[in-house]
Structure formats: structure tokens, C-alpha cells
Amino acid sequence: MADTASAPDPLGDLVSRHRVDNRARWVNAAWALTIGVLTGWLGVWSLLLDGGTSGGRKAVGSALGFGLCGLVIGLTQALRALRGGSGEYFEVRGNGLVHGNAAGRRASWTWDRVTTITVPRRRDSVGARATSGPAGPGACCSWGRRAASQPSC
């Protein structure tokens with residue numbers, strides 16, 4: 001019987017693990033939903049008040065547009081925070097990058113597939129955004145790790 005627990009990971013040894021703080025997404029969702037509900041309510045109230053005959057149709061349309069945008073942005077941020085969950089993380093490995101969460105979803109990329117990594121510079125935020133694709137010249141990682149075939153940053 002083969003022992004699968006000792007099988008080596010194709011992405012190599014774990015270099016570092018970074019937890020994602022989804023609190024910022026919840027704050028963004030709360031503000032966007034609040035703005036969306038209030039401006040949407042104002043737009044609907046103005047539309048129902050005079051049926052749009054007072055010449056303020058552009059203002060009513062703007063309020064309805066801001067309301068709709070706020071609702072869409074707020075719902076998107078809330079869904080992303082729910083999807084990532086409290087156990088969302090990034091792992092830097094010897095031969096690649098892993099993004100996963102506590103629910104068991106996991107995606108991984110080798111270093112030759114990673115073109116850029118953007119780490120937010122906010123004070124209390126931990127997380128990153130990785131872009132995969134054919135690695136071009138000068139494609140670097142913010143953690144100081146780069147693909148062996150790429151020039152130094």
C-alpha cells in the first residue's frame with residue numbers, strides 16, 4: 001500500500017503563508033450598501049413624488065444610478081468576503097504560489113505562470129492579487145521571489 005502522505009508537493013516546500021484579512025471587504029460592502037440604499041430610495045421617492053415632470057429627471061436618474069451602483073458594489077464585496085471566508089490564505093512555495101481557503105478550495109500556479117503580484121499597501125491589510133499568464137520580461141513578485149528565468153526586479 002502506497003503512503004500518499006509522504007508524496008512531495010509539486011510546488012515545493014512552504015516558504016511562507018499569508019492570511020487574507022476580509023474585514024476590509026465587509027467595511028466596503030457596508031458603506032456601498034448604505035450609500036446604494038439611501039440614494040436609491042431618494043431617487044425612487046423623487047420619481048414617485050412628481051413622476052419626473054418637474055424637469056429634474058437628470059437628478060432622479062443620477063440618484064437611481066448611484067443607488068444601483070452602490071448596491072452592485074456592496075453585494076459584490078459581500079459575496080467575495082463570504083466566498084473567501086475567514087480561512088482565506090496565500091502560500092508562497094519554492095516553485096509556485098497557492099491560493100486557498102478553509103473550505104478546501106485551492107488554486108495554484110508555478111512561478112513561470114505568475115506575471116505580477118500586487119500587495120495592497122494599506123496599514124492593516126494582508127493579501128495579494130496574482131496575475132497569471134505567460135511571464136514577460138520584468139515580471140516580478142512583491143515577495144522578492146521570482147521565476148529563475150526572469151531578470152531581477
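**View 1. Asn-101 in the loop between E3 and E4 of the predicted model.** Asn-101 has its place in the loop between E3 and E4, where helices (H or I, at least four residues) and strands (E, at least two) are DSSP runs numbered from the N terminus. At 10% relative accessibility Asn-101 counts as buried, the term buried meaning under 20% relative accessible area, exposed over 50% and partly exposed in between, with a 1.4 Å probe and protein chains only. Not counting residues up to four places away in sequence, Asn-101 touches Arg-83, Gly-84, Gly-87, Glu-88 and Tyr-89, a contact being defined by heavy atoms within 4.5 Å. This is a predicted model in which local features need pLDDT of at least 70 and side-chain atom pairs count only at pLDDT 80 or more, while totals for chains, interfaces and linings use all residues. Residues are numbered from 1 along each chain as its sequence is written, and side-chain values use heavy atoms, with hydrogens and water left out.

**View 2. The hairpin of E3 and E4.** Between E3 and E4, which form a hairpin, there are 5 residues, and Gly-104 in the turn has a positive phi of about 100°. The two strands run antiparallel and are joined by 5 bridges, where two strands are taken to pair if DSSP finds at least two bridges between them.

**View 3. The open sheet of 4 strands.** The order of the strands in this open sheet is E1-E2-E3-E4, and the pairing is antiparallel. Strand E1 (14-19) and strand E4 (106-110) stand at the edges, each with a single partner strand, so that one side of each is left without a neighbour in the sheet. With direction ignored, neighbouring strands of this sheet are turned by 15° against each other on average. In a regular strand the side chains alternate between the two faces of the sheet.

**View 4. E2 and its two pairings.** Strand E2 (residues 89-93) pairs with E1 in the antiparallel sense over 5 bridges, and Leu-14 stands opposite Arg-93 in E2. The pairing of E2 with E3 is likewise antiparallel and runs over 5 bridges, with Val-92 opposite Leu-97 in E3. A hairpin through 2 residues joins E2 to E3.

**View 5. The crossing of H1 and H2.** The axes of helix H1 (residues 23-50) and H2 come within 7 Å and cross at roughly 155°, the axes being lines fitted to C-alpha atoms, for helices over the stretch in contact, and the angles running from 0 to 180 degrees between N-to-C directions. H1 and H2 are therefore roughly antiparallel to each other, given that angles under 35 degrees count as roughly parallel, over 145 as roughly antiparallel, 65 to 115 as roughly perpendicular and the rest as oblique. H1 passes H2 in a left-handed crossing, a term used if the near helix is turned anticlockwise from the far one by less than a right angle. By class, the contact of H1 with H2 has 17 nonpolar, 10 polar and 2 charged residues; Ala, Val, Leu, Ile, Met, Phe, Trp, Tyr, Cys and Pro count as nonpolar, Asp, Glu, Lys and Arg as charged, and the others, Gly among them, as polar.

View 6. Gln-77 lies in helix H2 (residues 57-84) and, at 16% relative accessibility, counts as buried. Leaving aside neighbours within four places in sequence, Gln-77 is in contact with Arg-25, Asn-28 and Ala-29. Ala-24, which is found in helix H1, counts as partly exposed at 26% relative accessibility. Although Ala-24 and Gln-77 are 53 residues apart along the chain, their C-alpha atoms are separated by 9.2 Å.

**View 7. The protein chain as a whole.** The secondary structure of the protein chain comes to 2 helices and 6 strands, and from the N terminus on its elements run β-α-α-β-β-β-β-β. Of the 153 residues of the protein chain, 29% count as buried. Among contacts in the protein chain between residues at least 6 apart in sequence, 54% join residues at least 24 apart.
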